[in-house]
Amino acid sequence: MMMKLRYLGLGRMTTLAGLILVGLGCQRVCAEPQPYIEPEYGPRYYQGDEETRLGRAHFLHGDYGLAEAHFQSAVEINPRNGAAWIGLAASYDRIGRFDLADRAYRRARQLTGANYVILNNHGYSYMLRGDRRRARVLLYRANERAPNDPTILNNISILDSGQGYFSGIWP
């Protein structure tokens with residue numbers, strides 16, 4: 001087989017390589033990002049989505065300062081990006097900038113409505129601050145909208161069992 005390939009010449013070898021790539025479906029070589037496609041809609045690209053994706057990745061990795069920078073960039077690119085506003089608010093919570101977190105939660109609520117994700121995150125924010133009353137109100141409102149959500153139930157149980165920790169009594 002190797003002997004035959006040597007005699008095919010360069011032009012035929014590149015054609016053969018091209019056919020092999022086409023046969024593979026161009027999956028590994030043509031790694032181009034695909035658009036998010038909703039059912040019954042055409043492909044749509046959202047400005048700031050890459051920044052939002054990077055913000056989420058850094059947030060999940062625990063790099064809250066970097067997450068905040070990427071989410072901030074995403075909302076500057078597209079101020080109507082509700083997911084970026086939610087991520088920005090959560091990042092502000094983690095770095096202790098609760099004043100900025102409240103503003104980001106308000107903006108996210110204006111864009112997406114008071115959904116259970118925002119209510120849960122904002123309730124957790126108040127829990128971090130030690131404001132158990134506001135945390136409880138928001139967490140129970142989130143629980144009404146998504147009754148069996150494990151994250152909301154976990155936050156309510158943390159609030160109920162760790163009230164001393166969140167009110168500053170424990171170290």
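Reply: Here are the labels, each set against its cut-off.

Me: What kind of model is this, and how are residues numbered?

Reply: It is a predicted model: local features need pLDDT of at least 70, side-chain atom pairs count only at pLDDT 80 or more, and totals for chains, interfaces and linings use all residues. Residues are numbered from 1 along each chain as its sequence is written, and side-chain values use heavy atoms, with hydrogens and water left out.

Me: What makes up the secondary structure of the chain?

Reply: The chain has 10 helices and zero strands. Both are DSSP runs, numbered from the N terminus: helices are H or I with at least four residues, strands E with at least two. Along the sequence the pattern reads α-α-α-α-α-α-α-α-α-α.

Me: Why is the link between Arg53 and Glu50 called a salt bridge?

Reply: The term asks for a side-chain nitrogen of Lys or Arg within 4 Å of a carboxyl oxygen of Asp or Glu. For Arg53 and Glu50, the closest N and O atoms are 2.7 Å apart. That is within 4 Å, so the pair counts as a salt bridge. Side chains of opposite charge can pair when their charged atoms come close.

Me: How are Arg53 and Glu50 placed in helix α3?

Reply: Arg53 and Glu50 sit three residues apart in helix α3 (residues 49-61), so about one helical turn separates them.

Me: Why is Glu50 called partly exposed?

Reply: Buried means under 20% relative accessible area, exposed means over 50%, and partly exposed lies in between (1.4 Å probe, protein chains only). Glu50 has 44%, so it is partly exposed. Arg53, at 45%, is also partly exposed.

Me: What makes Arg129 and Asp102 a salt bridge?

Reply: The N to O distance is 2.6 Å. That meets the 4 Å cut-off, so the label holds. The pair links distant parts of the chain, 27 residues apart: Arg129 is in helix α7 (residues 116-129), and Asp102 is in helix α6 (residues 98-112).

Me: Is Asp102 buried or exposed?

Reply: Asp102 has 15% relative accessibility. Under 20% is buried, so Asp102 is buried.

Me: Which residues does Asp102 contact, leaving aside its neighbours within four places in sequence?

Reply: Asp102 is in contact with His122, Tyr126 and Arg129. Contact means heavy atoms within 4.5 Å.

Me: How do you know that Arg134 and Asp131 form a salt bridge?

Reply: Their N to O distance is 3.7 Å. The limit is 4 Å, so the pair qualifies. Arg134 is partly exposed at 39%, and Asp131 is partly exposed at 24%.

Me: How many salt bridges does the structure hold?

Reply: The structure holds five salt bridges.

Me: Why are α5 and α6 called roughly antiparallel?

Reply: The axes of helix α5 (residues 82-94) and α6 come within 8 Å and cross at roughly 160 degrees. Therefore α5 is roughly antiparallel to α6. Axes are lines fitted to C-alpha atoms, for helices over the stretch in contact, and angles run from 0 to 180 degrees between N-to-C directions. Under 35 degrees counts as roughly parallel, over 145 as roughly antiparallel, 65 to 115 as roughly perpendicular, and the rest as oblique.

Me: Which residues meet where α5 and α6 touch?

Reply: Among them are Trp85, Ile86 and Ala89 in α5, and Phe98, Leu100 and Ala101 in α6. The contact of α5 with α6 divides into 12 nonpolar, two polar and two charged residues. Ala, Val, Leu, Ile, Met, Phe, Trp, Tyr, Cys and Pro count as nonpolar, Asp, Glu, Lys and Arg as charged, and the others, Gly among them, as polar.

Me: What makes α5 and α7 roughly parallel?

Reply: They pack at about 10 degrees, with axes 10 Å apart. The cut-off is under 35 degrees, so α5 and α7 are roughly parallel.

Me: How do α8 and α9 pack?

Reply: Helix α8 (residues 132-145) and helix α9 (residues 150-161) pack at about 155 degrees, with their axes 10 Å apart. That is over 145, so α8 is roughly antiparallel to α9.
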